[in-house]
Structures are given as structure tokens and as C-alpha cells.
Amino acid sequence: MIQIDCPYCGKRNEDEFVYGGDTGHRRPEDPAGLSDAEWCEYIYSVPNTRGWANETWWHVRGCNRWITIQRNAESNEVRPASQNESHG
Amino acid sequence: MQKVTRCVQPRRTKVMVESTFRLDAAGRVDRSHKLAFKFNDRKYVGYAGDTLASALLANGVSIVGRSFKYHRPRGIMSAGIEETNAIVQLLGDAEEPNVTATTLPLYEGLEARSVNAWPSVNVDVGSINNFFHRFIPAGFYYKTFMWPGNRWDWYGRAIRKVAGWGTAPRKPAGGRYEHRYHHCDVLVVGAGPTGLAAALSAGRSGARVLLVDNQTEAGGGLLGSSAVIDGSPAIAWVADSVQEIDAMPNVVRLAEASATGYYDQNYLTILERRPDKSWVKERLWKVRARQVVLATGAIERPLTFADNDRPGVMLASAASNYCLRFGVMPGRTAVVFTNNNGSYQHALELADSGIEVKAIVDLRAQADAGACAALAARNIEILPRSRIARVKGAGRVSAVDVISSNGGNKRRRIRCDLLAVSGGWNPNVQLHSQSGGRPEYNADIASFVPGTSPQDEMSAGACRGQFRLSTCLEEGRDAGLRAASACGFDECDEGIALPACSPEPDLDILATWEVTLPKKSSRAFLDFNNDVTSKDIRLAVREGYRSVELVKRYTTAGMGIDQGKTGNVNIIGLLAEITDTAPGSVGTTSFRPAYSPISFGAMAGTDSTDLIMPWRRTPVTDWFIANGGHLDETGALFRRPLFIAKPGETAGDAINREALAVRNGVGIYDGTPLGKISIKGPDTVTFLDRVYTNSWGKLPVGRCKFGYMLHDDGRLLDDGVTFRLSEDHYLMSTGSGVAEVVLKHLEKLLHCEWPDLDVYLTPVTDQWAVLCVCGPKAREVMLAANTDIDVSREAFKFLDTRFCRVAGIDARVSRVTYTGELSFEIVVASRHGRRLWDALLSAGEKYDITPVGSDTSMLLRTEKAFIAAGLEGDGYANIHDVGMGWVVADDKTDFIGKRSTMRDLNIGGPRPEIVGLLPTEKDFVPSKGSPIIDTDTADEAQRMIGMVTIGFHSPNLNRSIALAQLRDGRSRMGDTVTLFTKKRLATAQVCNPVFIDPDGERMRS
């Protein structure tokens, strides 16, 4: 059970949140302009970074915001995302 | 064939008198407080302060169980949590399997029996395995029961019967289990000398401290020790420390509380047995600590020598512990077998307790010089460079054969009934390992010590290989101060004053992983719990296993209740010896939670019976319960009726009656669980255009529209109707089960992909009750219920939504349907839901209005081929496959799922299209998931061409019907296909999936 530091609510247990994936995995601007292969790369090749990555988490049992944090997938350490990474 | 083992249990215990193994004065038991108990159906007496194990030893019970595989008789080996032999089943009201007798406090009326022995511990039929051991080597199960491959279930049952550890209680566990959350600055695990010093120091600094210890009283090793602190018995220092700790308001101390798991970010679980409140049986603490001090101590490990598992072979420290802490002699005549200096003190303690210690058999060349005089004074012979070649006595040690290399390797027999052994000490690094640390080998103690701490954790004292009492106190004090200081409590910079302790020699251990075995057939046990011998490890290596993780799994060493506590280091050492590497490069296996067993009750806490999954209710739930509703969970934890049976009706009868009523008269359905999301904001239309496949720009206020929502991989996420309630207010309905999934999907898009869109979502599912009146006579019911708007076909069209009053209640009524009949969906505030339900029932009475359950609703939608997510709309079918291509606005450049839908079209090829099926036998209902097969194809991979998604008996058509996914199904209309059902093949004709009213005239009427 990791603790996530919600910028709105403070440190809360992971079970208040829903994982939302790597922030780098954004929907392409122009899907129609992509080849089938490129589109499949976006849909099915989801980033799974070893080490630190920016992640979105939905604080659904809290402030209902999608927040961005940095988490190390190896050690499960969590730290705040840099300012320009955060959403909403 | 050899006869089964006979026992040598003393007959005199029959007379229920405290036996002569009890010392007159020593120990911490209360001799004025007798406790009667039963073990294996015999009555015994012990004292308050005993464990079951100490009470059994006091009564001279030597065999307490049978080993797992060979059913060898086993006796008590330890005095603590590491016990692997004395595993018992508690009986009576407190029934519980696999309790370690060494940690179970004795209580009046305790009743227990051995596990793993049939018919009894003393005569065990399974012990026949003992004589066939050469046929049951490591990996035996893998090798033998592989053939025939499909019989594992049969073998599994048979093996389980002879191998089992205890039996699951049949009665529900008595008493309550609960969870408690706790936050603290410093968590100290272990209340031995190190832990007490740490808790005292941290406590004095003002930090919030939690001190947990798995024994009934604090003190750890000092409870059974002759150590001296400041000139007094160490236990006096313990008592003073505990008194001070318990007086500190910022310190919480738990006894009989084991830290069982160490998880991420200093989150630990602690199982507290028999807590302060009598009605709580066990309490699982979930602790978040800023700093953790591990003072978990060390466990003595046995030596690996021939027949080292005989009852009467005991860890030296345990033997001494029984004398000093419980006042029980574990034997009368002892031999000590060791490879280190630590046992010399134990030999003295045994001798001073009245046991005749005949000799110390020391594997090393040089014995502890400092102890020689004391040993000589007690007539204890020291035999250096010696080993035990044989242990005589099946039911109890009767003698040992010693071979001394100094004495020309001649065997010498020494009679004894207790063999106290020590192979060194294993620091308890399990929690450190669970926290993510990697223990490292330390040659000075021939064991593993904690490595770098990945979390805010530090180990101190014996659990990091520091066994000297004075060092433990110092390390404990320092760790407590450092932990408190890291939390900002650095006012107190001295902690406790370090007391003077009795001197102790260095451990001076000779690493010994296997004592030379006298015969090829000799067995030396490494993991007593799983009956793993040194031969098994050698065999595993011969068969190619090198990694300790693989050897562990192949031999099952360390996989039982022991979890490597006693055996792990010996196994690693032996593996290193065999493969000619260093124990450090073999490395340890990863320790995983739980360190000690946790009951299911403790895991569940109060989340049992009705509270496991609390039901959600609608305003009508009580009415259904009172009126024959057959309730079940049908998504999102809502409890709703599948059908509402009248007295004497079967499920089928009720569903048929309800379905006929909706098609021919009028029904009423509680649609409250339907997900509802309120959508506001100037960009709502843009948003809907992007998340649905169709266009939303032209929807006028007071109208609604069906939408089909896809994942971006082109598969159905949800379908439903969205209403335009006012200029800038929309209301989306979602499936009951996916309401939260849809909200997550939409919120994520708004927050993460399109933060520029000005749209606000509010989930309002629980705020509104939804009742649906459906059937040809629905309009009459609406009129009878005093609906204050014109509900005529012309004034109130299909897909209109209107604010009005129904039965005097403010409502919104919509012309939407999931049955294909004329329908009015009435939405009122939840608090008026039941009043509206009652009003509609009385308004509809003369039309025989029929409450309808969700199974009936499923049948009605099947007749109309309305797509259900998860059935027809599965993870493969796309929007065109399910016949919903009409909902796609081709002129939109993009929507979620469009690109993947285009890719399906680009790829082309056969698609699983939704069709209807009319089984040839009208009363045969194909079950969900039945494959449709092509009987002409020999290619197995190509044989399955489709699958039934749902089948029903349709009372309206008076025959069975089904929906199915069929490869290129729409080009197979009229064909006969073959269904593969559980028992036989059946045939069906492919047809238009809309079985009733294909033009939709009824719902528009």
C-alpha cells in the first residue's frame, strides 16, 4: 500500500486512487493521419518504464482530480511531479 | 516389512499429576495457578505462564507430531516462533489448525491434538513412508504423478489426505476479528533488550512510538537467560524498562503481536492475538511508521547430522529457555552438540538447573577457554573435534554415538535423553528482506545480516548479527535515538544510560553445513517441517538445479510453516558447499509476507458475512424483499430482483408471466441502478461528439438520443441514452455496472487529454429513482397516475423528455425503452421513489400492472436484439459487427474508437456478426457461450465459427431463441448451423436477430 501525495488533499493511501497510466502516453493529435501500425503502437504498446516515470492517478475517493506524480516502479517510491507536468 | 514405530512415552502421565520434569522453583510460571488441559485426548496439568509446549515437556510428553512426508515421530525442538515440529490443531470452540505449541499460552481447558498423524502420534500408519524414503526423493511429486497427465486431481486428493497439516475448522470462528489503523513516528519491532532500549530512548525524546513483541511478555531472550545487568538478573532491568515504557503517554506497547508483513513506504501489518478487549480474538494493525527499528533478534539454527530430528533433540538455547523461563527440564541427562561458544553458557545453565550434562561435543578444535573451569567444576566433559554420528532411540533420544577425530575416530556411546544442539544463530532478517533489503553473508557469524535499507528502517542488535547483550543495548539505544531524531525529535540526545552487563565470549563459530554422515542412507534434516534432508539438496544439484530459488521449489525446503526460519541458512550453506561457492554468492531466497501465519479471520477483520460487500439499495428494494423478489447483485453492488415470483411459481414461470405482461399489458421496472452522469458546460456538445460515435449538435432541448461509446481500441465501452435537459445541461445514462468505469474514462479524457474543454461531470446515480412503465397499456397507467402533461403519441413522441408531475410528484418523464414496448421512464428524486412506485402500482391495478425483474428485462431485450455490453459487445466485436453501424457519424473526423474501427475495416476479412438463432428443437435453449461449429472443417483451429451470446425461452414466440456472434453471420441468413452444447450437438437456423417488431412500431406507438 503506497502513499500518494495528492496536491489537493495531502498524503493518502493508494486505495483512494485509481491508476491512470504514464502521462507520456497521450492520445495522438491526428489519429486519421497515422498508419494502422502507428495507431496500434499507441493503443497496445503502453509504456512500462523501469525506474522513475510520471504517472496520472485519479483521486476518486477524494477530490476526484486526476493528478500527476512521479513513481519509481522498481522501489515504489513516490515524489511530486515537477510543476509543468501536472494537470488540471 | 518392519513394524510401525512404538512409542516410549512415559506411562505415568496417565495420572494427570504435574510430572517430575518440573523444577521446584525456577521460572516465570505461577505454581499457585494450575491449568488443566488435554493433548491427544489425555489430560494434563500445567501452570499459568506456560506455553502448551512447556507444559507438555513438564509432563514428559516427547512425541508431539509426525513429520510431513516420512511421518517420523517429532518432538518439541524450540521454544519460540521458529518451531516446526510441535504444530497442533486446537480443538473445541477455539478450533484452529496449525498452531505452534511453543507460542501458544496455556489456558484452562485447552484442548489440542497433533496434526499429520493417523490414527495417533504414537502409532502412525503413514510412518511406513519412513521405510520407503529412498523412493520418495526430492521432486518425487513432480516426477511420479505426471502420468497420466489428467489424473493430478485424483492424486492431489489422495496426497492431501496423507500429507495435510491440520484440518480447516468446520464451525465459524468464534469471537471477533478487527482491523486497526495506526500512525506513529517510530515503530520498534521486538521487545527484547535491543527493542526495549530503542523504545525507551525514542520514547524519552517525545516521539510517538509503537513497540510490538510477539511474546506474552516483553524481554525477548532475557526471559530465559541467566544474564546479569547492573549486578541483578537481567529480567529486573526488563521489568523496570517496561514499567517506564508503559507509563509514557506517547508509547503504545503491544504484547503477543507479530509484525507479519513489511510493505512499501513503511507500511507494516501487525497481528495482535488476544488483545486487551476480551471480545476481540485477533486484531490486525495496519501501521504507517515514519521510522522503523527492527529489533527482531536471532533464531538458533540446528546442526545437520544423522537423525537430527529425533524427539529429544532440541536447540541448546531452547533447552536452557525451558529451564530458566518455565522451570521445566526438557530432559534429565543431556549432551550438548555445538560449533560455537554460545552453547557453553547454555550447558552451564542446564547443569545449574539440575540436568546432568555429560559432555559438550564440539566440532571445533578449540573450545571456549573461559568456560572450561566452570564446566570442569560441574563435571562436564568437553570433546573437541568431535561429531555425533548417530542418535539412538526412535520415540525419544536414548543415547548418542560420538566420534572424536582426536580419539582415533572410534565411536563412543553416551546415554542421554536430551541432545541440545547449536549450529549458530540466524539473525531474523525476514522483515528487512520484505522491506526490499538484500541480506548479506557475514562469515563471522556464518549467517546473513541485513544489507542496505531501502526504506526508512534500521536493524539493531541480534537481528544484525550482534549477539552480545551490551552491544544489543547500545545499538538499541542508538537506533531509537536516530529514528526519533529523523522524525524531528532530537531534544533528547542521550537516551538511556547503558548498564553494565555480564561478559560474553565471541561466538567463534565454525561454519558447519552438514556433519559427516555415517552411512549413505543416513538422513540429516534441514527443513524439519517439509522433511527435506541434505540428500535432497544433493539430488537437486545433481539434477541440475543451482539457483537457491529453484532448489527451494524443487525440494520444497523452506516452503512450509517454517518459511526458512530455521533451515534457510543451512540450506544455502550446504548448497554453497556442494557447488563450491560462497554462501554469499548463493544469496538468500526472497522472504515474503507473512513472517508468521495469519488467520483468514484476521485478514477479513469485520468484512465478513453481510459486510464483505455491502449491497446498494434502491427505494424499491424493501418492496421487492416483501413481495417475492428474487434478489441478486446485478452490477455496481446493486441488489435487485431477477424476477418477482408469486407463491408457488418457479423462476421460469415468473419470467414468462412478466414478459407476457410487458408485451401484452403493462409492466413496471425499477431502473434506479442505471448510471447517471450530469454534464454541464459550454463545450458539452464537442465533448459528446468526441466520446460517442454519433453527432450531438442538433439535439434540441427536451429530446434524447442513443449513444454508443467506444474504447479507443474500437470495442464497446457502454451504450445508453443522453438527454438534453436544458440549454447547457445534459444527462447521460450508463449501464449499471459500468457507471464508474465510464466516469473514469470521461474524467480522464477531460483532465488529461482535453483540459481545454469547459465541461463538468457530476455522478448522480444515487440521487434519482428511475421507474419504467412499459407495455401497450403504459399510457393508460400514466393517465391514471395523474400525469399533468399531454402524453399522447403526437404531443409526447418517442425520445422526448418532459418535466412534469406524476402522482403529484415532481418528475421527468422520457419516452425511452429497453424492452421495445411503449415506455415511460419516470425519474424522481430518490426520496420520492417508493411513493411513486406505490402510486403507479395502484394506478395500474386495473390494468394488472406487473413488476418485472432484471432477468425478464434481459429476455425482453434479447427478443429485440438490443445489444448488451459484455455479451454481444465483447472485446472483439466492433460496432459494425453488432449491427450498430447506423450510430456512426461518418462525417466526423475523429471520435474515441474511430481510428480502430477504421483499422478493422482496412484489414477486412470475416467478422463476428450478431445474428439471431432459432433452435430446431423449439424447447431447447442454448446456453450462453455455446460454440457454433463448422462440421465440414477438419482444421480444429477453424472449426469454431461463432458463439451463442445469450439464449432464452421466449414466451411471446412460444419457442427458444438465441443471439449469437457468427463469422460473417449476416451472409448466412436462413442457414442451419451446428451448436456444440455440453452434452450433444444441436442445430439452429440463422435469422434476423430482432425477433419481435423489427420495424420498432411498438416503441414509437
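This is a predicted model: local features need pLDDT of at least 70, side-chain atom pairs count only at pLDDT 80 or more; totals for chains, interfaces and linings use all residues.
Two strands count as paired if DSSP finds at least two bridges between them. Strands here are DSSP runs of E with at least two residues, helices are runs of H or I with at least four, and both are numbered from the N terminus. Residues are numbered from 1 along each chain as its sequence is written, while chains are lettered from A and ligands numbered from 1 in the order in which they are written.

Take strand S18 of chain B (residues 333-338). Five of its six residues are buried (20 or more other C-beta atoms within 10 Å of a residue's own, with C-beta atoms placed from the backbone), so S18(B) is largely enclosed by the rest of the structure. S18(B) pairs in the parallel sense with S19(B) (residues 356-362) over six bridges, and B:Val335 sits opposite B:Ala359 of S19(B). To get from S18(B) to S19(B), the chain runs through helix H8(B) (residues 342-352), making a right-handed β-α-β crossover (clockwise from the first strand over the helix to the second, with the strands pointing away from the viewer). S18(B) also pairs in the parallel sense with S24(B) (residues 418-422), over five bridges; there, B:Thr338 stands opposite B:Ser422.

As for the contact between the chains, 19 residues come from chain A and 22 residues from chain B, with contact meaning C-beta atoms, placed from the backbone, within 7 Å. On the chain A side, S3 (18-22), H1 (36-44) and S4 (52-58) each give two or more residues, and H1(A) has the largest share, three residues.

How values were computed:
Two residues are in contact if their C-beta atoms, placed from the backbone, lie within 7 Å. A residue is buried if 20 or more other C-beta atoms lie within 10 Å of its own, exposed if 12 or fewer, and partly exposed in between; C-beta atoms are placed from the backbone.
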